[in-house]
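Student: Could you go through this one with me? I'd like to start with the overall picture and then pick at a few residues.

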Amino acid sequence: NDGSHGGLSGLVQKFNDAGLGEVVGSWIGKGENLPMSAQQIQEVLGSDAVASVARQIGIDPAQASGQLAELLPGLIDRLTPHGSAPAGGLGNAGDLLAQLGGLLGKA
């Protein structure tokens with residue numbers, strides 16, 4: 001969370017800034033979710049955010065990137081069941097990363 005963007009809208013903006021708007025759009029919209037690589041996760045979220053999640057759950061950052069790449073599409077898809085982001089947003093980026101950290105800890 002860089003403070004300037006939060007929650008789902010901030011995450012979508014990070015994907016758009018990285019040229020991956022179509023990917024995150026597929027997770028929000030109805031239909032098939034496009035895949036994402038661990039390297040793309042690093043590029044979008046930044047190594048500091050990935051390292052923070054990895055520390056929280058006690059795994060290597062490279063392993064966290066791979067697991068985030070697997071879990072993030074489904075998480076965003078489930079958070080947007082009607083094919084669009086809720087008008088009120090979905091918390092802040094730190095909250096979303098914490099939810100992902102919890103999922104990774106169970107994976």
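Student: Fine, so how many helices and strands are in the chain?

Tutor: This is a predicted model, and in it the chain has 6 helices and 0 strands, so that the pattern read along the sequence is α-α-α-α-α-α. Of the 107 residues in the chain, 36% are buried, and the accessible surface comes to about 5600 Å², with 50% of that belonging to carbon and sulfur atoms.

Student: Where is confidence lowest, and where is it highest?

Tutor: The average pLDDT of the chain is 81, with 73% of the residues scoring at least 70. Helix 6 (residues 93–106) has the lowest confidence, at a mean of 58, whereas helix 3 has the highest, at 94. Residues 1–5 have a pLDDT below 50, and beyond near neighbours in sequence this stretch makes 7 contacts in the model. Where pLDDT is low, the predicted coordinates should not be read in detail.

Student: What about contacts between residues at least 6 apart in sequence, how many of those join residues at least 24 apart?

Tutor: Among the contacts between residues at least 6 apart in sequence, 65% join residues that are at least 24 apart.

Student: On to the core, then. Which residues touch the most other members?

Tutor: The largest nonpolar core has 21 residues, and those that touch the most other members are F15, W27, M36, I41, L45, L72 and I76. Two or more residues come from each of helix 1, helix 2, helix 3 (38–45), helix 4 and helix 5 (61–79), and helix 5 gives the most, with 5 residues.

Student: You listed F15 and W27 there. How are their rings arranged?

Tutor: There is 1 aromatic pair in the count, and F15 and W27 form it, edge-to-face, with 5.2 Å from centre to centre and 75° between the planes. The pair links distant parts of the chain, as F15 lies in helix 1 (residues 7–17) and W27 in helix 2 (residues 21–28), 12 residues apart. Both F15 and W27 are buried.

Student: S26 is in helix 2 too. Is S26 buried or exposed?

Tutor: S26 counts as buried because its relative accessible area is 12%, which falls under the 20% cut-off. If its neighbours within four places in sequence are set aside, S26 is in contact with G31, E32, N33 and L34.

Student: And P35, where does that sit, and what does it touch?

Tutor: P35 is placed in the loop between helix 2 and helix 3, and P35 counts as exposed because its relative accessibility is 66%, over the 50% cut-off. Leaving out neighbours within four places in sequence, P35 is in contact with V23 and Q40.

Student: One more topic, helix 4. Which of its residues are buried, and what happens just after it?

Tutor: In helix 4 (residues 47–57) the buried residues are A49, V50, A51, V53 and A54. Just after helix 4 comes G58, which takes a positive phi of about 75°.

Conventions. Residues numbered from 1 in each chain as written. Predicted model: local features only at pLDDT ≥ 70, side-chain atom pairs only at ≥ 80, totals over all residues. Heavy atoms only, no water. Phe/Tyr/Trp six-rings, centres within 6.5 Å; stacked < 30°, edge-to-face > 60°. Helix = DSSP H or I, 4+ residues; strand = E, 2+ residues; numbered from the N terminus. Buried < 20%, exposed > 50% of the residue type's maximum accessible area, 1.4 Å probe, protein only. Contact = heavy atoms within 4.5 Å. Core = buried A, V, L, I, M, F, W, Y, C linked by side-chain atoms within 4.5 Å. Areas by Shrake-Rupley, 256 points an atom, 1.4 Å probe, with all protein chains shown as cover. pLDDT = per-residue confidence, 0-100.
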